[in-house]
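Keep the viewer open and follow along.

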Number of protein chains: 2
Amino acid sequence: MPLTRKGAATRDRIVAAAAALLRERGVDEVSLDDIRTATATSKSQLFHYFPEGRAQLLLAVAEHEAAAVLQDQEPQLSSLGPPESWTAWRDVVIARYEAQGTHCPLGALTRQLAPSNPEVRPIVVDLLTTWQARLSEGAGRAGAADPGRAAVIILTAVQGGVNMLLATGDSTALRVSLDAALAGLRLVGPPGGGAHVDLLTA
Amino acid sequence: MPLTRKGAATRDRIVAAAAALLRERGVDEVSLDDIRTATATSKSQLFHYFPEGRAQLLLAVAEHEAAAVLQDQEPQLSSLGPPESWTAWRDVVIARYEAQGTHCPLGALTRQLAPSNPEVRPIVVDLLTTWQARLSEGAGRAGAADPGRAAVIILTAVQGGVNMLLATGDSTALRVSLDAALAGLRLVGPPGGGAHVDLLTA
């Protein structure tokens with residue numbers, strides 16, 4: 001049964017509050033009762049929106065967090081094209097992941113849900129697919145010879161750099177790898193201006 | 001109290017068998033009793049080697065898996081230098097992670113242990129540090145202008161590509177990003193021979 005407009009707004013409010021609580025405390029430390037208290041929701045109301053219980057609510061939070069990954073990169077991600085747009089997007093990405101530090105809310109959720117919930121993996125795959133498509137569109141507007149390949153190289157640089165940041169707390173690898181990818185793909189100007197020669201070995 | 005040589009061998013045998021069992025069934029599905037049965041170990045023997053219980057044994061398995069990540073790349077990883085050595089190492093890395101597929105044993109362990117075991121993170125950081133050092137040594141032998149930077153770019157390409165493989169089951173991103181990094185850094189010859197021009201945009 002589809003939700004009414006008011007119902008959808010209430011559901012969104014519960015999911016957003018649950019997401020904030022999970023970010024603050026970690027997914028293992030939050031019960032349905034905690035979420036009920038934080039959102040001033042009754043048991044029957046929570047059951048109305050999430051009849052299958054905690055896993056269903058956590059899945060909705062995972063969708064919320066996956067959407068946030070892309071939203072946090074806007075409007076820069078959808079405006080990619082000229083060199084300065086890549087620099088602007090790069091700055092947003094680095095700031096987002098430095099602020100997030102060593103805790104990835106979406107990662108924590110998918111890890112907890114994945115073994116028993118086949119609905120989780122498509123959320124992550126959809127996120128990566130959409131992210132890659134946006135980067136590919138931007139690389140196309142930048143005149144890249146193979147925008148799809150460029151998008152894969154940029155997205156893996158971000159993923160690898162974030163992985164290192166999550167493990168070590170240090171964003172150097174993210175900065176180095178993303179800058180090398182953007183410069184190597186000629187999407188940004190060479191450091192200090194001048195010609196694009198041997199950028200990756202410079 | 002340090003273990004005798006025989007004791008250390010027994011402990012290693014228990015850890016290796018536990019690692020195999022965890023790889024097969026997943027970390028959530030294996031109890032201490034399962035490990036005891038699989039290794040034909042008595043309760044008192046298991047307690048002797050792992051007096052702090054399941055978490056201590058899982059930590060030892062995480063160390064075992066972290067060591068395996070590097071061992072599986074040898075002797076190629078420590079032989080990096082000339083162009084053909086990078087191609088040989090690349091093939092080993094891609095084969096290892098394609099065989100592993102969408103399940104990362106070390107990742108599963110660190111996720112389960114990390115919230116309550118501060119000893120886990122150093123295992124992963126040490127792995128990344130050693131891996132990066134080996135790549136840096138290889139890039140140095142290859143004559144890279146900045147071997148440390150080259151190592152970061154290659155390692156993030158692997159990490160990012162493996163991340164995408166774990167999420168999607170598809171190794172294309174790993175292949176594309178690793179090949180782009182090695183070619184962009186001029187560590188391997190250009191595809192099809194010839195001069196190194198605009199490799200990343202080709």
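This is a predicted model: local features need pLDDT of at least 70, side-chain atom pairs count only at pLDDT 80 or more; totals for chains, interfaces and linings use all residues.

Is R96(A) buried or exposed? Its relative accessible area is 12%, and since buried means under 20%, R96(A) counts as buried. Skip the neighbours within four places in sequence, and the contacts of R96(A) are R23(A), A68(A), V69(A) and D72(A).

Now look at how α5(A) packs against helix α9 of chain A, residues 172–184. Their axes come within 11 Å and cross at roughly 160 degrees. Angles over 145 degrees count as roughly antiparallel, and therefore α5(A) and α9(A) are roughly antiparallel to each other. The crossing of α5(A) past α9(A) is right-handed. On the α5(A) side, the contact uses W86(A), W89(A), R90(A), V93(A), I94(A), Y97(A) and E98(A), while α9(A) brings L174(A), R175(A), L178(A), D179(A) and L182(A). Sort those residues by type and you get eight nonpolar, four charged and no polar ones.

Two of the names on that list deserve a second look. Over all chains there are two aromatic pairs, and one of them is W86(A) with W89(A), edge-to-face at 6.1 Å centre to centre and with 90 degrees between the planes. Why are these two separated by about one helical turn? W86(A) and W89(A) are three residues apart in helix α5 of chain A, so about one turn lies between them. As a rule, an α-helix has 3.6 residues a turn, so residues three or four places apart point the same way. W86(A) and W89(A) are both buried. Hop over to chain B and you'll find W86(B) and W89(B) with ring centres 6.1 Å apart and planes at 90 degrees, so this pair is edge-to-face. W86(B) is buried, at a relative accessible area of 0%, and W89(B) is buried at 0%.

Back in chain A, move along to helix α6, residues 105–113. Seven of its nine residues are buried, so α6(A) is largely enclosed by the rest of the structure. The buried ones are P105(A), L106(A), G107(A), A108(A), L109(A), T110(A) and L113(A). What covers them includes α1 (5–25), α4 (54–71), α5 and α7 (120–141) of chain A.

Two of those covering helices, α1(A) and α4(A), have axes that come within 9 Å and cross at roughly 85 degrees. That makes α1(A) roughly perpendicular to α4(A). By type, that's 10 nonpolar, one polar and three charged.

Most residues other than glycine have a negative phi, and most peptide bonds are trans. E74(A) and P75(A), though, are joined by a cis peptide bond with omega about 5 degrees, and P75(A) lies in the loop between α4 and α5 of chain A. In chain B, a cis peptide bond joins E74(B) and P75(B), again with omega about 5 degrees. As for phi, A40(A) has a positive value near 50 degrees; you'll find A40(A) in the loop between α2 (32–39) and α3 (43–49) of chain A, exposed at 68% relative accessibility. R186(A), not a glycine either, has a positive phi of about 60 degrees. R186(A) belongs to the segment after α9 of chain A and counts as partly exposed at 26%.

Definitions and conventions:
Residues are numbered from 1 along each chain as its sequence is written. Chains are lettered from A and ligands numbered from 1 in the order in which they are written. Side-chain values use heavy atoms; hydrogens and water are left out. Buried means under 20% relative accessible area, exposed over 50%, partly exposed in between (1.4 Å probe, protein chains only). Contact means heavy atoms within 4.5 Å. Axes are lines fitted to C-alpha atoms, for helices over the stretch in contact, and angles run from 0 to 180 degrees between N-to-C directions. Helices (H or I, at least four residues) and strands (E, at least two) are DSSP runs, numbered from the N terminus. Angles under 35 degrees count as roughly parallel, over 145 as roughly antiparallel, 65 to 115 as roughly perpendicular and the rest as oblique. A crossing is left-handed if the near helix is turned anticlockwise from the far one by less than a right angle, and right-handed if clockwise. Ala, Val, Leu, Ile, Met, Phe, Trp, Tyr, Cys and Pro count as nonpolar, Asp, Glu, Lys and Arg as charged, and the others, Gly among them, as polar. Rings of Phe, Tyr and Trp (its six-membered ring) pair if their centres lie within 6.5 Å; planes under 30 degrees apart count as stacked, over 60 as edge-to-face and the rest as tilted.
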